[in-house]
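I opened the model to look up its aromatic pairs first. Notes on fold and surface follow.

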Amino acid sequence: MTKKRRNNGRSKKGRGHTPIVRCTNCARCVPKDKAIKRFQVRNIVEAGCQRDIRDASVFESYTLPKLYMKLQYCCSCAIHSRVVRVRSAVARRNRDPPARFKGPRPDGKAPGAAAGQAKKV
């Protein structure tokens, strides 16, 4: 029988059973090693209200706390919400993490801004 993935879609390796977790999106029971895990750090207050709170605050340098959430998805929800993408058989062999976004360029232009201006002309 052919194998789709080297690890069979799990990171179990030698353990007979792993505990279950519930999917963040649909509450499906998923083995802990099979769940797609993402750690999300957000501000508790959205960007629009931060300035209002800062102006109304008595303290000069008060930093608002952040919200730390560990999200665990089942395969179906991760693909549906585009947390992970479907890859071809050749691309599935690539086990490197995806390239991280590095932020704005030192010259102040957003990535792809030069290409957008060239198309308009």
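I searched the whole structure and found two aromatic pairs. For a pair, ring centres of Phe, Tyr or Trp (its six-membered ring) lie within 6.5 Å; planes under 30 degrees apart are stacked, over 60 edge-to-face, the rest tilted.

I noted Phe39 and Tyr68 as a stacked pair, 6.4 Å centre to centre with 25 degrees between the planes. The pair links distant parts of the chain: Phe39 sits in strand β3 (residues 36-43) and Tyr68 in strand β4 (residues 66-73), 29 residues apart. Strands are DSSP runs of E, at least two residues; helices are runs of H or I, at least four; both are numbered from the N terminus. Both Phe39 and Tyr68 are exposed. Exposed means over 50% relative accessible area, buried under 20%, partly exposed in between (1.4 Å probe, protein chains only).

I then took Phe59 and Tyr62, a tilted pair: 6.4 Å centre to centre, 40 degrees between the planes. Phe59 is exposed at 59% relative accessible area. Tyr62 is partly exposed at 49%.

The model is predicted: local features need pLDDT of at least 70, side-chain atom pairs count only at pLDDT 80 or more, and totals for chains, interfaces and linings use all residues. Residues are numbered from 1 along each chain as its sequence is written, and side-chain values use heavy atoms, leaving out hydrogens and water.

Next, the fold. I read the elements from the N terminus as β-β-β-α-β-α-α. The C-alpha atoms fill a box of roughly 60 × 50 × 25 Å along the principal axes. Buried residues make up 13% of the 121 residues.
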